[in-house]
Amino acid sequence: MASDGSANALGKAPIAYFGYGSLVNRATHRTEIVAAYRARLHGWKRMWRSRPDVLLDPAHGTALSLLSVACKAEAETDGLLVVDRAENLPAVDEREAHYDRHLLSAADITLFEGSLPCDCPVYVYEARSGAGDAVACPTRQSYLDAVMQGFLAEHGEAGLRAFVFETDGFDLPVLADRAVPLYPRAVRLDAREAGLIDGLLHERGVRFLAV
């Protein structure tokens with residue numbers, strides 16, 4: 001998956017990766033990270049990418065859309081820069097199994113506050129395109145809940161609104177699985193979070209499908 005060599009080549013040195021979806025939510029992390037910083041990625045645009053060849057869940061047999069980024073001049077994408085241990089990189093690659101990992105330059109990232117505690121490789125994951133990716137496949141409400149809770153926590157209500165209205169392809173349908181989550185790293189929302197998230201999705205005109 002890596003475009004610059006294996007994780008073993010990094011030894012024990014820390015690495016970093018830019019999260020723009022579920023990785024923005026620290027509750028979804030499954031590795032013992034070193035640190036995380038609110039950050040902005042330059043030259044990449046966030047979008048939904050349909051993958052009819054990727055099953056949502058074998059039991060449901062439903063394809064899905066993946067949140068992704070793509071190179072685009074002058075674009076900016078807010079998210080979370082995660083500093084992790086190099087030995088955890090294979091686990092992150094496994095989590096992002098349908099994505100390619102790309103090496104970024106230092107100029108591609110701006111932190112909102114502070115500075116990186118080390119000089120380390122920085123990556124971003126881009127979803128692979130698939131056959132028939134023009135088909136509007138759904139995403140999961142449980143996945144959106146995790147992503148949007150993360151943006152609310154890290155970037156506030158303005159950042160949450162920006163996620164909904166600045167992400168390309170947000171006309172995709174959403175499977176209403178909040179009560180019985182299909183996303184393996186599902187989170188729990190409090191009443192305020194649920195109200196803000198549901199209100200923005202309604203404003204955006206998102207169409208919900210029964211599971």
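Welcome! Thirteen residues line the second largest pocket, and those nearest its centre are Ser105, Ala106, Leu116, Cys120 and Val122. Please keep in mind that this is a predicted model. The chain has 211 residues, 50% of which count as buried. Its elements comprise three helices and nine strands.

**Overall layout**

- Starting at the N terminus, the order of the elements is β-β-β-α-β-β-β-β-α-β-α-β.

**The second largest pocket**

- This pocket holds about 160 Å³ of space.
- Its lining is made up of 11 nonpolar residues, one polar residue and one charged residue.

**The largest nonpolar core**

- The largest nonpolar core contains 53 residues, and the members that touch the most others are Ile109 and Phe163.
- Several elements each give two or more residues to this core: the strands are E1 (14-19), E2 (35-55), E3 (63-85), E5 (109-111) and E6 (122-127), and the helices are H1 (89-95), H2 and H3 (191-204).
- Helix H2 provides the largest share of the core, with 10 residues.
- As background, nonpolar side chains in soluble globular proteins tend to be buried together.

- Helix H2 covers residues 141-166, which makes 26 residues.
- If you follow H2 in the 3D view, look for His155, where a kink of about 135° is centred.

**Glu74, a residue with a positive phi**

- Glu74 sits in strand E3.
- Its phi is positive, at about 75°, although Glu74 is not a glycine.
- For context, most residues other than glycine have a negative phi.
- Glu74 counts as exposed because its relative accessible area is 77%, which is over the 50% cut-off.

- His102 belongs to strand E4, which spans residues 99-103.
- Although His102 and Tyr123 are 21 residues apart along the chain, their C-alpha atoms are separated by 5.4 Å.

Conventions. Residues numbered from 1 in each chain as written. Predicted model: local features only at pLDDT ≥ 70, side-chain atom pairs only at ≥ 80, totals over all residues. Heavy atoms only, no water. Helix = DSSP H or I, 4+ residues; strand = E, 2+ residues; numbered from the N terminus. Expected span 1.5 Å × (residues − 1). Bend = angle between axes of the 7 residues up to and from the residue. 1 Å grid on protein atoms, 1.4 Å probe; cavity = no way out; pocket = protein on both sides within 12 Å on 5 of 7 lines; lining within 4 Å. Points joined across faces, edges and corners; volume = space filled by probe spheres on them. Nonpolar A, V, L, I, M, F, W, Y, C, P; charged D, E, K, R; others polar. Core = buried A, V, L, I, M, F, W, Y, C linked by side-chain atoms within 4.5 Å. Buried < 20%, exposed > 50% of the residue type's maximum accessible area, 1.4 Å probe, protein only.
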